[in-house]
Structure formats: C-alpha cells, structure tokens
Amino acid sequence: MVAVSHCILTHSAQAEDTLSFDSAALFGQANKNVDLTAFNTENTVPIGRYILNVAVNDIYNGQLNIEFWQPDPKKPATLCLDNALLKKIGVRNDIIAQFANQRCITIKELNPDARYVYDDASLALSLSIPLVVLNNRPNGYIDPQLFDQGVHSAYLSYNFNHYTDHSKAGDYSSVNFLSLTGGINFAGFNYRHAGAFESNSSQDFARYYASLNVISHDIVAISSRISFGDFLTNAYYLASTPIRGIELTNDPNMRPWSVQSYAPTIEGVANSNALVSVFQNGQKIYERTVPVGAFQIKDLTTLATNGDLTVQVTEQGGEKKQFIVPMQGNSNLIRPGQFNYNLALGRYKLERKVLDEQLLQATAEYGLFNNFTMHTGANISDHYRGYLLGAGLNSLFGGLTFDAEYGHAELNEANKTGWKAKLNYRYTFLPSNLSVTISTQKLSEDYISYGNTISLLNNASLTQDEIDNFYLTFRLKDQTSLTLRQQLGKGFGTLYVTGTQSSYWNNNKQYKQYLVGYSNFWKRINYSINLSQAETINSTKSKSFYISASFPLYWKNSMVNSNSVYQHTETNDLISTGISGTSGDRNQMNYAINTNYDQNNQSSAVNSSLNYLFPRTSLGVTYANARGQTQYGLTLQGGAVLHPYGLTLTNNLSDTFTIIHAKDAQGTEVSNAWGITLDRFGNAIYPLVDPYHSNTLSINGKNLPLDVLLTNNQSQVIPRRYSSTLLTFETKKTSNILLNVDTPHHVQIPMGIEVKNSANQTIAIMGQSNQLFIDAEMSLKEPLTVKWGVDHPQMCVIPPSYELLSKKTIRKKFQMLNVVCQ
C-alpha cells in the first residue's frame with residue numbers, strides 16, 4: 001500500500017503542464033524505465049470509433065457511435081463532433097450550420113466553456129455543454145428522424161389451451177382453444193391479424209373467427225397513424241367502436257415521455273438568477289435555474305396524479321418565496337396546447353358479421369388553459385346521430401370532469417331521442433391520506449347509445465357476449481359509483497370502500513354492488529378482510545365475507561409464499577390453504593398447489609399448476625381433483641418470427657419487438673427477457689419494447705463460447721409502434737491461444753505492456769505471470785515486439801510461432817504455447 005500511495009502524479013520539468021507517473025513506484029526499482037508516457041494526459045484514447053454511453057449535462061442520451069480523431073499530431077486524439085452527433089445531443093440548428101463544411105470540430109470550437117470526460121473502464125462519455133448552444137426541449141425528447149421503422153419481417157404467435165373434465169360417473173368433456181396473432185412488416189407498413197379457434201367434445205377447431213385485420217402506417221410529421229381494415233377505433237371519451245374502414249388518429253406516445261401525462265405549466269417571476277424547486281407530497285420532483293424575469297416550466301413530470309405542487313423560488317441572495325399550484329384528479333386533462341384526436345369512417349362490425357351500417361366517428365380533446373381541457377365527439381351513421389361535449393377542470397377543491405351527450409336513434413318501430421349527463425369528481429386530502437372518487441351519470445328515458453342501437457337493429461346476429469353486454473347498459477336510468485381509500489397511519493393499515501348503484505327505466509329496482517375491506521401486515525404476515533355484495537341486472541344478489549392471510553417462507557435460497565383463505569357466503573363456507581413460488585436461476589418456473597374444503601358438500605379438493613418458461617416456448621399444466629371429478633389442463637404459448645437472419649422461435653411476443661443477432665453467440669442469454677437465449681444461428685427475439693422511446697437492450701456474455709468475443713454487449717433501439725427493429729451485436733472469432741512468455745534471463749515483464757507487430761499495431765496486452773492472450777492466430781506468423789522501457793535491455797522480440805499451433809482446435813479450451821522473447 002505504501003508503494004501504491006507513493007505513485008502520485010508528479011510534475012514534469014520538461015513540459016510546463018505535463019504530469020507523469022513514477023514507474024518505479026508502480027513496478028519497482030528494477031523497472032523504473034517502463035514507458036508510461038501514454039498515461040501522462042487525461043482523456044487519452046486511441047484514434048477510432050467506439051460505442052459509448054453518452055450523457056449530456058448529466059442526462060443520459062443513450063449509446064452512440066463516437067469517433068476520436070487527431071487534428072494535431074503533437075497532441076493526443078480528441079472527440080470528433082460531426083454534424084450528426086451535434087444534432088443527436090441537441091445543439092441548435094443555427095450553430096450546426098456554422099460548421100456545415102467541417103467534418104469534425106473539437107469541443108472547444110463548439111463553445112469555450114464546453115468540456116467532456118471519457119471513462120474507458122465504463123465506456124462512458126460525459127459532455128458538459130452550456131445551455132446557450134442547446135435547443136430548449138423537454139426531457140426525453142427524441143428527434144422523430146430517429147424513430148426506427150425496422151426491417152422486413154413476418155411473425156405468428158399462439159396461445160393454446162386444452163381443458164379436460166372426467167367425472168366418476170364416466171362423463172367426459174373436452175374443450176380446446178387456440179388464439180393466433182400475426183403480422184407482416186414491410187417498408188414502414190404494418191399488417192396485424194388476430195383470431196381464434198374454438199372447439200368442444202364434438203368439434204375440433206371447426207370454427208375460426210378473426211377479430212383484427214388491419215394495415216397501419218405512421219405519419220410522424222403530425223404524430224399520427226393511419227389504419228385500414230377491421231379494428232377498434234381509438235376514440236377519446238366516446239366508446240371505441242369495431243369497424244371495417246379507415247382511421248386517422250394521433251399517438252401521444254410520440255411525444256417526449258416528460259410531457260405525455262398531464263402536469264400544469266408553472267409560471268412565475270424571478271428577481272435574480274434563481275433556483276426553482278418543485279415539491280409534491282413532500283418530495284422534490286423538479287429543479288432548474290432560471291434567469292431574471294418571467295419563467296415557465298412546461299416539462300414537469302409529477303410523481304402522482306393527486307397532490308398539490310409547492311413551488312419554491314430561491315433568489316441569488318438566499319431569499320425564498322413559495323406558492324401552490326393545484327394538482328387534483330387530472331386523469332382527464334392534458335397539457336395546455338396539446339391536441340388529441342381520432343377520425344374514423346367505415347362499416348360497423350359485429351363479432352361475426354360486418355354490417356351495411358356506415359359510421360363516421362370523430363373525437364378530440366384540447367388543453368385550453370393550464371387547468372382546463374375541452375373535449376368533444378360525434379357518432380354519425382345511417383341510423384344514429386350522437387354528439388358529446390365536455391370539459392375537465394383541475395382545482396384546489398378537486399378534479400372535475402363533466403360530459404353532456406345527445407343521441408338520436410332511428411329504430412324499426414320508432415325513433416328515440418335523449419340525453420346523458422356524466423360527472424366525475426376526484427380529490428385527495430394529503431394530511432389524512434384520504435382519497436375519494438365519485439362518478440355519477442343520468443340518462444333520459446329515450447336515450448340509447450350507439451352500440452345499443454346497433455344491437456337492437458341486428459339482434460339476430462349477436463353472440464352471447466354481445467347480448468350480455470347489451471343488457472348491462474340498455475335502458476340504464478342512473479348509475480353512481482364511489483371509491484374511498486383511507487390510509488390509517490403507520491402500522492394501522494388501509495381501509496377501502498367501493499360501491500356502485502344502478503337503476504333502469506324498465507323496473508323500479510336498485511342494483512347495488514359494494515366492497516368494504518381492510519388490509520394490513522404484522523411482521524411478515526399480510527392479511528385482509530373483505531365484505532362484498534354483487535348484483536347486476538344479469539345476475540342475482542350474492543353476499544360474501546372473505547379473510548385472507550399470506551406470509552413468505554424461505555427454502556434453499558428461494559422464496560415460497562404460503563396463503564390461506566376463508567370465505568363465507570349465504571349458502572356455503574369454503575376454506576383454502578396452499579403455497580406458491582418461483583424457481584430457477586432466472587425464475588423461469590412458477591408453481592402453486594392448494595387444497596380447499598367445501599363445508600356445504602362436505603368435501604375437499606386439490607388444485608395445482610406448474611408453468612415453465614423455456615427459451616423457445618412457454619408450457620403450463622394444471623390438475624384438479626374434487627369429489628371424484630378430475631380436471632386436466634395444458635397451455636402452450638410462444639411465437640415465431642421470420643426475419644433477414646432466418647426463422648426464430650420465442651416464448652413470448654408482442655406486436656412491437658426487436659430482433660437480436662450476434663453471430664456465433666449461441667446460448668448467450670438476453671438480459672431481462674424472460675429466459676430467452678440466442679439460438680444456434682445467433683438470433684433471439686426481445687418480445688416487448690416501448691415505442692418511440694429509447695430502449696437499452698443487452699446480452700449477457702456469461703455463456704458465450706470461449707472462442708467468441710463481443711465487441712459490445714449493449715445497444716439502443718428506438719422503435720416505431722408495430723415495428724420489428726433489428727439490433728446487431730458485433731462479434732469476432734478468437735483463436736484461444738495463450739502464450740507463456742519467457743526471456744533468456746527470466747525477466748518478469750510488467751503487466752499491461754502493449755505487444756506490437758511489424759506494422760507497429762497493438763495486437764495484445766501482457767497479462768499476469770508473463771502470459772499473453774492472442775486474439776488472432778495469424779498474428780503469430782510474424783515477429784512480435786514487447787517493449788516496456790526506453791533502454792535496450794527492456795525490449796524483446798517473440799519470433800514467429802504459427803507453426804507450433806495444433807491443427808486440431810477445441811472450441812472450449814485454450815491452446816497453450818511456450819515461447820521465448822529474445
């Protein structure tokens with residue numbers, strides 16, 4: 001430790017500002033002349049291109065391809081700022097134009113106060129750039145030109161379920177269900193399909209019903225998407241409608257993440273260069289320095305949808321002033337100036353039939369003021385006219401949303417014209433941790449919704465699910481819902497109440513549903529108590545009392561959860577107990593087993609399930625036995641993707657995914673990807689990525705073949721929605737050659753010394769105990785020079801040793817050669 005602490009940077013007498021290392025302190029007096037001049041200057045890096053994690057003013061900008069160049073041969077390589085990099089880090093366009101004719105500029109040419117720090121160990125580049133040269137953009141802004149439309153591909157995913165029921169009396173029933181989703185991506189156009197087979201004991205996959213057939217394409221210039229085919233409309237405030245037609249709708253996800261959800265614009269005045277801090281629920285959520293005069297904060301991201309904001313302005317002299325900005329119940333508000341819309345035209349589509357009913361649907365919402373949002377919509381069809389107008393308000397006394405809707409239906413027997421009014425209120429009282437949400441709607445007797453109008457006109461074509469949904473809302477008179485949540489303080493748990501009361505024009509009955517519950521924990525035991533009632537126009541009233549408790553058990557470094565339940569109804573008592581847990585080095589297996597006792601039938605039952613996530617598919621099995629009745633279940637889930645590098649199977653798949661390719665990296669695990677590994681072709685599918693946002697994906701080199709090296713194991717992708725992006729990780733084959741280097745006088749060569757070929761190129765770095773790992777076997781065809789000092793005795797040459805190599809190579813073992821450096 002004394003020698004290491006002594007190896008401090010010392011000032012060199014030969015250069016005014018040059019610092020040098022004391023090699024004797026590092027390697028001992030015998031190696032005092034080791035050449036360490038390459039380390040005399042900070043931020044030194046060899047000329048070339050590197051994949052680096054880049055941060056600008058402490059904000060992560062993702063992984064970028066960075067070049068270091070050497071404009072002055074007498075100075076070390078420095079960062080190359082070309083036009084592409086300047087644009088990516090957010091430099092103003094007028095400043096970029098000043099350097100349009102220069103391939104590279106230095107950081108000081110951009111601004112004298114700009115600087116960078118390069119960390120070779122973590123492959124990180126930190127840029128500090130004055131705000132005066134940067135665009136004023138919200139956090140999370142991504143240039144739309146970087147949205148990746150992906151590569152040509154096709155995919156099919158499946159979800160299969162088989163269920164069999166055997167009774168002691170010999171009765172047998174079997175049901176199979178198979179849902180399929182698929183798509184084709186070509187030149188920025190995305191086709192998507194979804195459908196399902198159904199079967200029973202007498203029919204095996206006899207019927208197939210398609211629910212989705214749509215082609216879509218992004219229009220990034222207006223942050224929107226156009227769609228053609230069979231789909232559900234993307235309506236705001238009106239009900240989404242199944243149609244066969246065309247739709248133009250915006251996608252709020254194309255906005256920077258910091259402005260996607262509602263937060264008020266904060267305005268104030270600073271009397272000097274001041275620090276503005278914003279707090280919510282006692283936590284600091286934003287801070288920024290502002291100049292003298294009026295200021296606006298438009299890119300605030302809040303912690304919660306409820307909880308007023310406290311704004312603190314700290315002036316240059318230390319003076320502080322505060323003010324409150326309301327933040328209550330904002331789920332139906334958008335930021336000032338934001339505009340969301342949809343416009344759809346087509347024919348109404350039932351689950352199993354496309355009607356001749358033509359529909360034009362249009363909805364829109366606009367952030368009119370800081371705390372006020374307007375919204376409107378219309379459904380216009382052959383047999384219906386419906387119009388909606390509403391507004392949302394954020395105030396100190398809570399959040400309000402009001403809708404008024406007019407509907408005119410032309411039915412076979414008569415026309416019906418009516419109205420519907422709806423009010424939502426939400427408030428959170430932070431001092432007592434009380435949250436209240438109330439929703440109520442009133443409907444006139446002759447009001448009929450558009451969906452119910454279509455059902456009445458086409459009742460013979462409805463499925464049972466469509467009929468059930470129709471009766472839940474048809475002839476509704478009024479409905480009021482309440483949700484209350486009260487945190488009782490530390491250690492006293494949480495009380496919650498939800499309830500809904502509905503009445504209909506065709507009877508005088510009130511249908512009531514409620515849930516009253518309490519939850520808490522004691523040591524490691526979590527418990528809850530619930531009292532509930534369920535009652536709808538489609539079902540009879542039922543009440544139940546429910547107590548549950550669960551606690552973790554630890555066994556062989558795995559956590560197993562034990563749970564017990566007691567349920568009392570008006571007709572029965574049920575007691576259940578069981579365990580559940582996960583297993584595997586990637587938690588790829590989960591299981592559950594429980595037993596229950598039915599007091600009414602004086603019988604017990606056993607239920608169990610096991611699910612395993614294989615790299616290429618997901619398998620699940622279930623088993624249950626009760627009173628001589630046995631049930632079996634089997635599920636299979638996964639998908640296949642056809643892409644430029646072949647056909648790849650995966651255990652999970654969404655409609656927006658990334659194809660990962662790393663040549664020769666078979667068996668390598670994809671990080672945070674549910675047990676997915678690269679197949680024998682070096683391919684894998686990362687099943688779920690966030691559209692229009694930067695996604696950092698990585699592969700774990702733990703199981704990488706010994707003769708394969710990853711150039712980088714982490715990269716970024718910014719996909720468009722429904723795209724299949726491609727991420728290629730560069731690999732290179734290595735020779736697995738380890739040289740045991742000796743010298744005529746058995747000299748210990750210092751670790752870290754560069755080994756160069758006849759072209760003065762570094763081909764290896766000396767390791768411990770005079771061992772040298774050779775990356776490319778062809779480099780052994782020529783002499784290799786090892787130089788660790790400025791005097792002749794501290795340099796030697798390893799003669800060509802290619803002929804010593806064995807012609808039979810084993811992929812997972814090193815080939816060791818003994819050589820003499822002369």
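1. Domain layout. Please keep in mind throughout that this is a predicted model. The chain is divided into four parts: domain 1 covers 23-135, domain 2 covers 265-325, domain 3 covers 637-732 and domain 4 covers 737-820.

2. Where domain 1 meets domain 3. The contact involves 6 residues of domain 1 and 5 residues of domain 3. About 370 Å² is buried between the two domains, with 35% of it on carbon and sulfur atoms. On the domain 1 side, Ile51, Tyr60 and Gln63 lose the most area to domain 3, and together they account for 80% of what that side buries.

3. What holds that interface. Strands β3 (48-56) and β4 (59-69) each supply at least two residues of the domain 1 side. The largest share, 4 residues, comes from β4.

4. His693 deserves a look. This residue is placed in the loop between β41 (683-686) and β42 (695-700). Is His693 buried or exposed? His693 counts as buried because its relative accessibility is 9%, under the 20% cut-off. The side chain of His693 makes a polar contact with the side chain of Gln260 at 2.8 Å, and also reaches the backbone oxygen of Pro691 at 2.8 Å. Leaving out residues up to four places away in sequence, His693 touches Ile142, Asn253, Arg255, Trp257, Gln260, Val717, Ile718 and Pro719.

5. Asp742, in strand β47. The strand spans residues 737-742. Asp742 is partly exposed, with a relative accessible area of 30%. Beyond its neighbours within four places in sequence, Asp742 is in contact with Val819, Val820 and Cys821. Asp742 and Ile798 are 56 residues apart in sequence, and their C-alpha atoms are 9.5 Å apart in space.

6. Helix α6. In this helix (residues 450-457), Tyr450, Asn452, Thr453, Ile454 and Ser455 are buried. Which elements do the buried residues of α6 pack against? They pack against β20 (339-349), β21 (354-369), β22 (372-381), β23 (384-395), β24 (398-410) and α7 (464-473).

7. In one of them, the side chains of Asp94 and Arg92 meet at 2.6 Å, N to O; Asp94 is partly exposed at 41% relative accessible area, and Arg92 is partly exposed at 27%. Arg347 and Asp356 also form a salt bridge, at 3.6 Å, N to O. Here Arg347 counts as partly exposed at 28% relative accessibility, whereas Asp356 counts as exposed at 64%.

8. Glu405 forms a salt bridge with Lys420, with the closest N and O atoms 3.7 Å apart. This pair links distant parts of the chain, Glu405 lying in strand β24 and Lys420 in strand β25 (residues 415-429), 15 residues apart. Both Glu405 and Lys420 are buried. Elsewhere, Asp218, Arg225, Asp251 and Arg721 are linked in a network of salt bridges.

Note on methods:
Residues numbered from 1 in each chain as written. Predicted model: local features only at pLDDT ≥ 70, side-chain atom pairs only at ≥ 80, totals over all residues. Heavy atoms only, no water. Domains from an automatic or database assignment. Contact = heavy atoms within 4.5 Å. Buried area = accessible area lost by both parts, 1.4 Å probe. Buried < 20%, exposed > 50% of the residue type's maximum accessible area, 1.4 Å probe, protein only. Polar contact = N/O pair within 3.5 Å; in protein donor to acceptor, adjacent residues only side chain to side chain. Salt bridge = Lys/Arg side-chain N within 4 Å of Asp/Glu carboxyl O.
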